[in-house]
Amino acid sequence: MSVLVIVVIVTALVFDFTNGFHDTANAMATSIATGALRPRVAVLLAGALNLIGAFLSVQVALTISSGLVDEARITPQIIFGGLVGAILWNLLTWLGGLPSSSSHALFGGLIGATWVSAGSGAIHFSTVVGKILVPLALSPIVAGLATLAATAVAYRMTARVDQRAVTRGFRTAQVVSASMVALAHGTNDAQKTMGVITLTLITVGLLPAYAAPPLWVVLLCGLAIAAGTATGGWRIIRTLGHRVSDIQSTQGFTAETASTAVILTSAHLGFALSTTQVTTGAVLGSAAGRPGATVRWGVALEMVVAWLLTLPAAAALGALAAWTASTGTVGTVVVAAVLAVLAAVIYRMSRRAPVTAATVNEVRSLPPVAATSARTAA
Amino acid sequence: MINWLSLLTVQLVSIGATLAVVVLVSLAVTGLSARHVDHDAPASISGRHPLTVSARSGAVVGVTSLVLAAAIVLFGLWQIVAR
């Protein structure tokens with residue numbers, strides 16, 4: 001195994017780590033917001049379940065390693081460039097507290113890097129559209145509609161029950177539903193990095209075409225995403241848990257249940273969707289389904305803009321990184337150095353207004369829920 | 001090529017499973033709350049009289065609903081792991 005392949009694998013695991021802490025909110029934001037779980041306990045539980053989830057399926061990994069791009073025309077430098085683009089976009093959106101899609105970032109980075117280095121003919125657009133773009137577009141809508149209907153039904157069914165008992169009951173149920181989302185996240189998202197590493201090993205001949213990820217790849221990816229998740233992406237947890245709408249435990253439960261159903265069913269059939277968009281769609285659906293609830297549409301609009309920007313922005317970053325890395329060893333070192341410096345700068349910027357486990361539920365600075373022009377904080 | 005059948009499957013299964021689990025858990029919450037009768041409790045959000053169910057019946061409905069909800073979740077997981 002060459003040094004370059006090892007560098008690509010390490011970079012893929014770094015992406016997996018950022019994917020974990022970027023997406024902790026998907027599973028735990030509503031549970032933390034409603035008080036069903038303490039913040040630190042929530043992220044540790046999510047980390048453990050992400051690790052278990054990584055072992056449940058390899059269908060999504062196969063979609064990425066054997067269908068997204070032409071393995072014969074891809075080099076490790078191209079994959080490296082795509083990963084760098086995805087990592088940088090993940091870090092930038094984390095700094096802004098925006099729950100953008102790590103999956104979009106990864107696919108955008110890879111597509112941009114492949115396009116600029118091997119031409120558009122190396123991209124399997126039919127797979128990109130059929131297994132990635134269409135499910136990506138449909139999944140938040142399905143999750144939103146399912147949650148809307150489920151939330152309306154749940155509130156109607158429990159309308160004549162003592163509300164303290166209802167809150168207590170759904171808060172307990174949320175521990176299970178949030179855990180299921182974490183499990184589903186590990187199943188769906190860890191596989192994306194498994195697919196990228198497997199693709200790298202196929203391109204250098206260490207694995208045959210259409211090979212499934214080896215066990216050591218599954219294990220490393222599971223550990224990386226679990227470590228990232230357990231770190232806790234507090235900025236995005238605050239956005240999803242408090243800034244979109246004021247979430248009650250009934251809504252948290254329905255949103256998490258719908259998210260789990262959509263993510264696991266999709267992963268089972270090999271659709272590489274965005275868990276972030278699914279959970280955000282579900283949270284919006286839960287707000288729409290609760291009688292009298294309102295949504296901060298300004299925050300929701302910011303998220304949608306970030307969603308739309310993610311794929312092209314990560315593609316541009318990935319293309320630039322791949323183009324530079326493809327010039328040779330010096331180019332690859334330059335890209336790695338630039339990534340390290342920018343990551344350090346972003347981390348330092350985040351320390352100016354830190355959001356931690358202790359402050360994630362502090363929402364005094366937020367405008368009333370009826371407001372429609374809330375700015376992104378944290 | 002877009003596999004519309006699989007996409008439709010995802011949508012139907014997701015919506016069906018979500019509604020089934022949420023209905024069952026709501027039933028469980030309703031049933032099990034009958035064990036915690038509190039005459040000083042505030043009125044329900046519907047403004048109507050609180051639902052009155054005997055503690056025994058409520059517990060049976062609650063536990064049965066929870067078992068069914070758990071069965072749906074475990075069946076879904078089994079489908080994925082078994083593949």
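Trainee: Let's start at the end of a helix. Which residue with a positive phi follows α10(A)?
Mentor: Bear in mind that this is a predicted model. Go to the end of α10(A) and read on past the helix. The phi there is positive, near 85°, and the residue is G270(A).

Trainee: And α10(A) itself: how far apart are its end C-alpha atoms?
Mentor: Helix α10 of chain A covers residues 249–268, which makes 20 residues. At 1.5 Å a residue they should span 28 Å. The model agrees with that, because the end C-alpha atoms are 28 Å apart.

Trainee: How many residues of α10(A) are buried?
Mentor: Buried means under 20% relative accessible area, so that's the cut-off to hold each residue against. The helix turns out to be largely enclosed by the rest of the structure. That follows from the count of buried residues in α10(A), which is 20 of the 20.

Trainee: Zooming out, how many helices are there in chain A?
Mentor: Read along the sequence, and the pattern is α-α-α-α-α-α-α-α-α-α-α-α-α. There are zero strands in chain A, and the number of helices is 13.

Trainee: What is the radius of gyration of chain A?
Mentor: The globule rule gives 21 Å for 378 residues. Chain A comes close to that, so it is as compact as a globular protein of that length. Its radius of gyration is 20 Å.

Trainee: Which helices of chain A do the buried residues of α8(A) pack against?
Mentor: α8(A) has 17 residues and reaches 24 Å from its first C-alpha to its last, close to the 24 Å expected. Its buried residues include V217(A), V218(A), G222(A) and I225(A). Their packing partners in chain A are α1, α2 and α7.

Trainee: In the loop between α7 and α8 of chain A, is Y210(A) buried or exposed?
Mentor: Y210(A) lies in that loop, and its phi is near 65°, a positive value in a residue other than glycine. Most residues other than glycine have a negative phi. For the surface question, exposed means over 50% relative accessible area. At 60% relative accessibility, Y210(A) counts as exposed.

Trainee: Which helix of chain A holds Q191(A)?
Mentor: Q191(A) has 0% relative accessibility, so it counts as buried. Leaving aside neighbours within four places in sequence, its contacts include S57(A), V58(A) and Q59(A). The helix, residues 163–203, is α7.

Trainee: What covers the buried residues of α2(A)?
Mentor: Helix α2 runs over residues 39–53 and reaches 21 Å from its first C-alpha to its last, close to the 21 Å expected. Among its buried residues are P39(A), V43(A), L49(A) and G53(A). The cover over them includes α1, α7, α8 and α9 of chain A.

Trainee: Leaving aside its neighbours within four places in sequence, which residues is T279(A) in contact with?
Mentor: T279(A) lies in helix α11 of chain A, and at 3% relative accessibility it counts as buried. Contact means heavy atoms within 4.5 Å. With sequence neighbours set aside, its contacts are N26(A), V181(A), L240(A) and S259(A).

Trainee: Last one: what percentage of the 83 residues in chain B is buried?
Mentor: Chain B has two helices and zero strands. Its accessible surface comes to about 5300 Å², with 70% belonging to carbon and sulfur atoms. Buried residues make up 28%.

How values were computed. Residues numbered from 1 in each chain as written. Chains lettered and ligands numbered in written order. Predicted model: local features only at pLDDT ≥ 70, side-chain atom pairs only at ≥ 80, totals over all residues. Heavy atoms only, no water. Helix = DSSP H or I, 4+ residues; strand = E, 2+ residues; numbered from the N terminus. Rg over C-alpha atoms; globule rule 2.2 N^0.38 Å. Buried < 20%, exposed > 50% of the residue type's maximum accessible area, 1.4 Å probe, protein only. Expected span 1.5 Å × (residues − 1). Areas by Shrake-Rupley, 256 points an atom, 1.4 Å probe, with all protein chains shown as cover.
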